[in-house]
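Open the model in your viewer and keep the selection panel at hand. The stops below tell you what to pick next and what is there.

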Amino acid sequence: MKQTVYIALFLFSLVIRAQEKPRWELAGNGEIVWQINDRIPHSDHIEMSGQQLSVVLRYGVDAAGAFSVSRSLVFPMLRLQPVTRTQANLRQRINIDIPQLVTLMDMNLEGEKVSKITLNGFMKVESAFDYGSGRNKMERGLELTRIHYPSPVSCYYLEEYTYKNNGTGNIVLRVPDISMEYFIPSDQTLYGDYLINVKSSKKGWFELKQGDTLSFFVMFSGRKANEPAFPLADIDAERAARQSLINEWWSNLVVETPDPVLNRMFAFAKIRGAESIYKTKGGFMHGPGGEAYYAAIWANDQAEYINPFFPFLGYQVGNESAMNSFRHFARFMNDEYKAIPSSIISEGQSTWHGAKDRGDGAMIAYGAARYALASGNRAEAEELWHLIQWCLEYCKRKINSKGVVTSNSDELENRFPAGDANLCTSALYCDALVSAAYLGKDLGKPANVLNAYKNEAAALRKAIESHFGYNVEGFDTYRYYEGNDILRSWICIPLTMGIYDRTEGTIAALFSPRLWTNDGLLTQAGTDTYWDRSTLYALRGVFAAGATEKGLEYLERYSQRRLLGDHVPYAIEAWPEGSQRHLSAESGLYCRIYTEGIFGIRPTGLRSFDLCPRLPDKWNHMSIKACRAFGQVFDIHVVRKGAKLEVTVNNTGGTVLKKEIKPGQTVAVKFKK
């Protein structure tokens, strides 16, 4: 009876999903566009970042068709007191309506109608105003184009405004001198008084003939009061610099499949994953964002989630931020094997360890070993080897009588129960041991050390099965901790670590109505809480385990919703916590669905990897181009050849591998240099 109810609910959810219509659609030049129609009012929010600031835009179109935006500016390096508070970033909400300050002669512009909003690393809004009356009324006589984006490297955010006279006669626009300043006194800050400024590039009286345009921009900046004020930006150079970065991200690690939505969301994920890196006094630090988490690093978001991805993208600042994060964690290695802090905050000046040991040693060992292998940089690998070994030894010392690793909590930091030994920590430690054995071999480390790692991984894998393997709610899957009898989303994690002992039951549980929703996986069955990170891990693991058709079905649903639905265009953190903030590392996890799941890349050396492509039945080809891992620039092409797959790997030196394989077969790829 229970199973029948689940099936009925599942079929009903499919009907509801089929009735949903995407709000956004794909457009040219890598864009997505919202063509404004009668589905208003509607509002959303998006985060964009540069090396010195981040901005969350809360924007929308009201029932009358007018646009509104509220800017939440975050200045990560303008720190507030105390230094021990993670979220002590200077923030300022600014709701000023710039177009309402511009008048047509002495009259405010009214009756705005937005025609479309476009996203492609910038936010562009196109609208028009009517003016005049009676026979002299000019419908859509004045067009307005707004463009919103952060400076890539400077401490300001920019909005461009371009007005065009589409009427039949001359008009006059009056533009005020927009100049505002917020003062933050030194008794609240770490570095003296701060100033936040809003400044426009033009003021005055402007006559526009038919077809003429007027352009100006508004600059929102933050600085220490004892530093000189920013000159007005070179707006063309700033826009070009932002576009150049986006072009760089989009031209490397290019995924090409027959599904344009998947291709586009992958491209967007590269933007959000790579842009949220801050140039702090403690070096480049990748930050999750969300108006909260900046100029700091975490063992999960950075070490585990995003750092292993950066070598594939080849973004140098990303690689530098990864190495910098590991160096910060390495500062806290100690002879007593006390836990490394979960987070290093405030530009590296303080730490946060509020949930105590969350399994952070396993997270760091896993991420550092995977990063070192994929980067292909021997000097970096040698440096990271000491941190990896320390973290592995720390985990080894935490193994309990059941053979699994204990910790005080997990990455959800006691939001949900995790017992005294959870599935995530042990699975991460198991994979870290495997990666360390691969890495140590390439670095020429002693055979007895490497054999010990292999033996420990094998023993841990057995312990994971014996201790966590369980029938939960009728599914032969995993309990998350001893005593857990409710399905949890993190039962997916063994699949991402090459542990496939309970694949069938685990996948059935993940996609059952008890866990799967329109927004991905519930953290725990029976709640309304979801965190994208576990959904993204699950999708990667399902592909890696060979359930390709099931994985594709749910990846398509997820990508359609996140890229083209009502809250776009990136993976999110959670709900209801954080109101679906666009935290950055989740976008890195989205990209890893493709590199490690669909293409099945598993690093095995500084110049080698295993490749197990999962080509869906309805696809005849798929490719990754300009992948920059393992010290190479290379392409992977997979083409269906009857019942087999033709796999080709090319680098700048020519063809590295060309072979026909059976679906599900793994091939070893090794570069000569």
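Axes here are lines fitted to C-alpha atoms, for helices over the stretch in contact, and angles run from 0 to 180 degrees between N-to-C directions. Helices (H or I, at least four residues) and strands (E, at least two) are DSSP runs, numbered from the N terminus. This is a predicted model, in which local features need pLDDT of at least 70 and side-chain atom pairs count only at pLDDT 80 or more, while totals for chains, interfaces and linings use all residues. Residues are numbered from 1 along each chain as its sequence is written, and side-chain values use heavy atoms, with hydrogens and water left out.

**Stop 1: H14 and H16**

Select helix H14 (residues 532-544) and helix H16 (residues 584-598). The axes of H14 and H16 are 8 Å apart, at an angle of about 5°. H14 and H16 are therefore roughly parallel; angles under 35 degrees count as roughly parallel, over 145 as roughly antiparallel, 65 to 115 as roughly perpendicular and the rest as oblique.

Now show side chains. Contact means heavy atoms within 4.5 Å. On the H14 side, pick Asp532, Arg533, Leu536, Tyr537, Leu539, Arg540, Phe543 and Ala544. They meet Glu586, Leu589, Tyr590, Arg592, Ile593, Glu596, Gly597 and Ile598 of H16. By class, this contact has nine nonpolar, one polar and six charged residues. Ala, Val, Leu, Ile, Met, Phe, Trp, Tyr, Cys and Pro count as nonpolar, Asp, Glu, Lys and Arg as charged, and the others, Gly among them, as polar.

**Stop 2: H15 and H16**

Leu555, Tyr558 and Ser559 of H15 make the contact with Tyr590, Ile593, Tyr594 and Ile598 of H16. Which classes does the contact of H15 with H16 have? Six of its residues are nonpolar, one is polar and none is charged.

**Stop 3: Thr595**

Stay on H16 and centre on Thr595. Is Thr595 buried or exposed? At 0% relative accessibility, Thr595 counts as buried; buried means under 20% relative accessible area, exposed over 50%, partly exposed in between (1.4 Å probe, protein chains only). Beyond residues up to four places away in sequence, Thr595 touches Leu253, Phe312, Gly600, Ile601 and Ile624.

**Stop 4: Ala374**

Phe312 is also touched by Ala374. Select Ala374, in helix H8 (residues 360-375). Its relative accessibility is 0%, so Ala374 counts as buried. Not counting residues up to four places away in sequence, Ala374 touches Pro311, Phe312, Ala629, Phe630 and Gly631.

**Stop 5: H13**

Go to helix H13 (residues 503-510), which is mostly covered: six of its eight residues are buried. Colour Thr503, Gly505, Thr506, Ile507, Ala509 and Leu510, the buried residues of H13. They pack against strand E25 (475-478), helix H12 (493-496), strand E26 (516-517), strand E27 (520-521), H14 and H15.

**Stop 6: the core**

A nonpolar core is a set of buried Ala, Val, Leu, Ile, Met, Phe, Trp, Tyr and Cys residues joined through side-chain atoms within 4.5 Å. The largest one has 208 residues. Tyr59, Ile117 and Tyr590 have the most contacts inside it. Zoom in on Ile117: leaving aside neighbours within four places in sequence, its contacts include Trp24, Trp34, Tyr59, Phe67 and Met123.

**Stop 7: Ser409**

Select Ser409, in the loop between helix H9 (378-396) and helix H10 (423-442). At 0% relative accessibility, Ser409 counts as buried. Its contacts beyond four places in sequence include Ala355, Asp357, Arg358 and Gly359.

**Stop 8**

Most residues other than glycine have a negative phi, and most peptide bonds are trans. Lys356 has a positive phi, near 60°. Lys356 lies in the loop between strand E23 (350-352) and H8, and counts as exposed at 54% relative accessibility. Glu473 also has a positive phi, near 55°.

Finish with the cis bonds. One joins Gln81 and Pro82, with omega about -5°. Another joins Trp575 and Pro576, with omega about 5°. Pro576 sits in the loop between strand E29 (574-575) and H16.
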